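This briefing covers a single protein chain, with the points grouped by topic. Please keep the model open alongside the text.

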Amino acid sequence: MSYSSKQQATPIMIGAEVFIEPGQTPEEIDLWFRRLQEAGMTVTRIRLFETYMHRPDGKWDYTLFDEAYKAADKYDIKIYGNLFPATAFTDLGGLKFPKDEDHLGAIARYIENVVTHFKQFNSCYGWVPVNEPGVGHFPQEQFATDKYQAWKKEQANPEYTSGGYDHFDFADERFHLYYNTWFLKWLTDEIHKHDAGSIIHVNNHAIFKNVAEYDFTNWRDFLTSLGGSAHASWHFGYFNRGQSALAVAANCEIIRSGAGEIPWFMTELQGGNNTYSGFLALCPTKEEISQWLWIAIGSESKGAIFWCLNPRSSGIEAGEWAMLNYHNEPSDRLQATADVIEIVNEHIGFFEDAKEVPSGINILYTRESLWIEKKLQMGGKSYEGRDEGGVMKSAIAYFEALSEAGVQANFKEISEFDFTHGDYNGVAIILPHQISIPSKYWPLLEDFVQKGGKLIADGLTGYYDENAVATMRLGFPLRNLFGADVLEYKAIDDMEELVIDGVVLPAYQWRGTLKPYKATYLSYKAGELWATQNTLGKGTVYWLPSLIGLGIRILGDYGHLNMFLAKSLDYTSLNLPFIFEEPQKGVLMKVMGNDKEWVTIIINKSEVRREFKLILKNPSLQPIVIFANNGGKAGGTHISIEAEETLVIKWV
């Protein structure tokens, strides 16, 4: 059963988490909720620590958290109750999995007590069953290993066995995928025993590294909404500080795709300074706060919650992350959030109804590529293309290139793409260095192209099947799709030039040599074929067997890649109501629309003011600036936007 119908009419909700711990006074807790209301915020999340309620004698004392729920009732703030069964004081993220059967029973009793008690409050909006699922490695608890053995016995013999070659089975990875889903579903069922049909929300984290653990399509069956944590200091190791807005945008797109038809909501955005916690010490600027929040809204999020409103006083994060200062006064970051909230509320009819306008371009990744890349790590010299992260960074490269062109692309796991349509004219798939294409997608990709779709594959895409068996020998299963075979890949120490129709692209890490079957030449050098174009049915495939995207990302200039993408994808054939006249380095744009209006959200992360023009599909539209936090302007199709500025324009 899906509970998504409960939240379809949910308004845009923006808030900050209130951290509750012993030592706080009722007066201070009341003040924090008043601060939320004063900022225009309507939602919060609270970690319901068992260790602060369940006394050593076995009795429960809810007094501390009752003060929070009472204050939320008073100030009309909705609360997501984040379940937090007993864990060590030093545990930042909280429980991920049960240790054993006794522990599972203790978790069930905790849920019964907490849910039964707090559901009485009007402010009780819903539940987050576990904070930030995903651990980055195979679960080590005894309960998990016992369940693993039972799960493995139940697995049917697979239909596809890599042609009889010996192979890895990736049972650990597939079990981990199953186990995360099983535990989330179990927690949801336990909550619904005591609060039937209540809202269930979950926030995955470290999306660019942990995403292979998340089976979003199955989560849709029991979640009301999907969410995530997107902290610049914890989760954006593949990006530098100046790319934080891009990282949030890519994070949002992955979650939006995972949510499918259920709503999504950004559960955690970094709200304040971190000192000793986080992999990177930073304090968001007020401009970054606006950027991140507008990106989430522009990606169809139902809102966002900042981590957090007040600084906790104890533990590893003591004194960190808050949007209030130590005197409980609003920071410039909280004021920036309030400014965004004011504009969203002024145009609430649009933002509650609007959808992100799809371009038709889909950057696809496969979890098998992430599994295989991790499995095959051997140490030795570090190479960015073959280190763990090469697969995801390659996908990010295309996302960033398209962003600089003013094109918003979908960012999907391949299982989330709809291969059931009868016509794919105006639709494109990019497979950036996806080293594994599982066998079940071979005919689906071929059918996609036959029906008019465009496909771009770079790097070692398709090098392995789902079992890490090499596919490139005689009998290459993608031969008809790509129109060629690989003769060999050669590791190269320096970037080389791959020229396509006068556009110079960098060949990086490996250079593939192709043998055409029915494809035509795209790049030919020194007697070797380096890239091909294949017509199949109504569609076209471009095969660039080198790390083009990652190479461009390392060089830091997407200009030539955008020239290639503009030609190969033919932007005039896509659904692009707005696009930059020329790519703008460090600038990105989100486009939303409903039946009557459009809104563009433009963010300038470059170090200088940008002046450029938009190309409008409907040239009669006129711009009205509804938000500009540094004097940005729009006149006709001309945009003027300062460094670090966010410019939001309604087109009428």
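**Strands, cores and backbone**

Strands β24 (residues 610-616) and β27 (residues 638-641) run antiparallel and are joined by 4 bridges. Strands here are DSSP runs of E with at least two residues, helices are runs of H or I with at least four residues, and both are numbered from the N terminus. Two strands count as paired if DSSP finds at least two bridges between them.

The model is predicted: local features need pLDDT of at least 70, side-chain atom pairs count only at pLDDT 80 or more, and totals for chains, interfaces and linings use all residues. Residues are numbered from 1 along each chain as its sequence is written, and side-chain values use heavy atoms, with hydrogens and water left out.

**Confidence**

- The protein chain has an average pLDDT of 95, and 98% of the residues score at least 70; pLDDT is the predictor's confidence in each residue, from 0 to 100.
- Over residues 1-8 the pLDDT stays under 50, and the model has 26 contacts beyond four places in sequence for this stretch. A contact means heavy atoms within 4.5 Å.
- Where pLDDT is low, the predicted coordinates should not be read in detail.

**The four-stranded sheet**

- β24 and β27 belong to an open sheet of 4 strands, in the order β21-β24-β27-β26 and with antiparallel pairing.
- The edges are β21 (578-580) and β26 (633-635); each has a single partner strand, so one side of each is left without a neighbour in the sheet.
- From one strand to the next, the twist averages 25 degrees; axes are lines fitted to C-alpha atoms, for helices over the stretch in contact, and angles run from 0 to 180 degrees between N-to-C directions.
- Within the sheet, Lys613 stands opposite His638 in β27.

**Strand β19 and its partners**

- Of the 9 residues of β19 (residues 528-536), 7 are buried, where buried means under 20% relative accessible area, exposed means over 50%, and partly exposed lies in between (1.4 Å probe, protein chains only).
- β19 is joined to strand β18 (residues 520-525) by 5 bridges, and the two run antiparallel. Tyr524 stands opposite Leu529 in β19.
- The hairpin of β18 and β19 has 2 residues between the strands, and Ala526 takes a positive phi near 50 degrees there.
- β19 also pairs with strand β20 (residues 539-544), in the antiparallel sense and over 5 bridges. Leu536 has Gly539 in β20 as its bridge partner.
- The hairpin of β19 and β20 likewise has 2 residues between the strands, and in it Gly537 takes a positive phi near 60 degrees.

**Helix α15**

- Which residues of helix α15 (residues 441-450) are buried? They are Tyr441, Trp442, Leu445, Phe448 and Val449.
- Seen down the axis of α15, these buried residues fall within an arc of 125 degrees, so they line one face of the helix. The arc is that of the directions from the helix axis to the C-beta atoms.
- An α-helix has 3.6 residues a turn, so residues three or four places apart point the same way.
- The buried residues of α15 pack against β12 (428-432), β13, α16, β19 and β20.
- After α15 comes Gly452, with a positive phi near 105 degrees.

**Nonpolar cores**

- The largest nonpolar core has 203 residues, of which Phe33, Leu565 and Tyr571 touch the most other members. Such a core is a set of buried Ala, Val, Leu, Ile, Met, Phe, Trp, Tyr and Cys residues joined through side-chain atoms within 4.5 Å.
- Helix α9 (residues 244-259) gives the most to this core, with 10 residues.
- Another core, of 16 residues, lies apart from it and includes Ile602, Leu616, Leu621 and Ile639.
- Leaving out residues up to four places away in sequence, Phe33 touches residues including Val18, Ile46, Tyr75 and Ile79.

**Loop residues and backbone exceptions**

- The peptide bond from Trp307 to Cys308 is cis, with omega near -10 degrees. Cys308 is in the loop between β8 (303-307) and α11 (332-346).
- Ala206, although not a glycine, has a positive phi of about 45 degrees. Ala206 is in the loop between β5 (199-204) and α6 (207-210) and counts as buried at 14% relative accessibility.
- Ala468 is not a glycine either, yet has a positive phi of about 65 degrees. The loop that holds Ala468 runs between β13 (454-458) and α16 (479-482), and Ala468 counts as buried at 16% relative accessibility.
- Thr366, in the loop between β10 (361-365) and α13 (367-375), is buried with a relative accessible area of 0%.
- Beyond its neighbours within four places in sequence, Thr366 is in contact with Glu413, Ile414, Gln434, Ser436, Ile437 and Pro438.
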